[in-house]
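Work through the exercises below with the model open. Try each task before reading its solution.

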Amino acid sequence: MNENYMVFSGRASRYLAEKICEELGCPLGKMAVTQFADGEFEVCYEETVRGKDVFLVQSTFPTADNLMELLLMIDAAKRASARSIVAVIPYYGWARQDRKSKPRVSIAAKLVANMLSVAGINRLMTMDLHADQEQGFFEVPVDHLYASTVVAPYIQSLNLKNLCIASPDVGGSKRASAYAKYFDCPMVMCNKTRLRANEVAHMDIIGDVQGMDVILLDDMVDTAGTITKAADLIMSRGANSVRAIASH
């Protein structure tokens with residue numbers, strides 16, 4: 001065990017943190033979260049972190065309590081004289097709001113990046129951001145990991161004869177293209193229009209899926225409306241089978 005680092009977990013990602021510590025051969029750090037009656041909570045480390053490299057495992061998907069808990073963990077570690085603070089965020093919440101898609105809206109992904117930086121992180125580890133360029137929102141180093149290290153071997157294990165990679169929307173075309181290139185197989189793409197958030201109005205498919213075994217790749221599943229509609233459309237165009245895989 002390396003005594004120079006410690007791993008702690010927020011309430012949103014404890015199972016993953018325990019698995020990480022199991023692989024590293026180190027104990028999960030002791031931390032208490034006290035909840036008050038009005039919804040406020042307090043984070044307290046129950047062992048010293050002075051002079052340590054501290055890794056904080058916590059996804060920040062809504063509700064905002066998960067993000068706030070991570071910010072308090074960072075602040076508490078900084079005030080307890082940790083040598084460095086690395087935020088390990090498997091699911092970087094608010095990431096889909098990475099640009100001004102219409103007038104008078106916030107860029108939440110940048111705002112969250114600012115909050116984490118101000119709180120005191122020295123480094124960020126995350127995976128499958130909504131857009132790769134979000135790494136540029138941070139003034140600290142970002143280790144951007146990809147689910148492909150797990151997904152690609154799984155797809156290979158299926159031994160599909162007529163493999164085709166599909167993206168449920170235009171935004172995922174780059175991801176789908178990378179997989180299609182890796183497997184040297186065709187790629188198709190769905191083009192959708194929305195009436196409002198989480199509601200698909202219309203969808204078309206670009207490409208031929210007749211007789212193909214299709215792997216439908218997405219970055220996140222919220223209501224599953226998009227990926228379900230895409231799967232139904234692909235099957236209606238004569239695909240042999242459809243399997244859907246999402247990072248989050």
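**Exercise 1. Classify A224: buried, partly exposed or exposed?**

Step 1. Take the cut-offs: buried is under 20% relative accessible area, exposed is over 50%, and partly exposed lies in between (1.4 Å probe, protein chains only).
Step 2. A224 has 26% relative accessibility, so A224 counts as partly exposed.
Step 3. Locate A224: the loop between β11 (213-218) and α6 (225-236). Helices (H or I, at least four residues) and strands (E, at least two) are DSSP runs, numbered from the N terminus.
Step 4. Check the backbone. A224 is not a glycine, yet its phi is positive, about 70°.

This is a predicted model: local features need pLDDT of at least 70, side-chain atom pairs count only at pLDDT 80 or more, and totals for chains, interfaces and linings use all residues. Residues are numbered from 1 along each chain as its sequence is written, and side-chain values use heavy atoms, leaving out hydrogens and water.

**Exercise 2. Find the phi of D128 and decide whether D128 is buried or exposed.**

Step 1. Phi of D128 is near 45°, a positive value in a residue other than glycine.
Step 2. Most residues other than glycine have a negative phi.
Step 3. D128 sits in the loop between β6 (123-127) and β7 (142-145).
Step 4. Its relative accessibility is 10%, so D128 counts as buried.

**Exercise 3. Which peptide bond is cis?**

Step 1. The cis bond joins P62 and T63, with omega about 20°.
Step 2. T63 belongs to the loop between β4 and α2.
Step 3. For context, most peptide bonds are trans.

**Exercise 4. Describe the packing of α4 and α5.**

Step 1. Helix α4 (residues 148-157) and helix α5 (residues 173-183) meet at an angle of about 50°, and their axes are 12 Å apart. Axes are lines fitted to C-alpha atoms, for helices over the stretch in contact; angles run from 0 to 180 degrees between N-to-C directions.
Step 2. That angle makes α4 oblique to α5. Under 35 degrees counts as roughly parallel, over 145 as roughly antiparallel, 65 to 115 as roughly perpendicular, and the rest as oblique.
Step 3. List the contact (heavy atoms within 4.5 Å). α4 supplies S148, V151, A152, I155 and Q156, while α5 supplies Y179, Y182 and F183.

**Exercise 5. What does S13 touch?**

Step 1. S13 lies in the loop between β1 and α1 (14-24).
Step 2. S13 counts as buried, at 6% relative accessibility.
Step 3. Beyond its neighbours within four places in sequence, S13 is in contact with V57, Q58 and S59.
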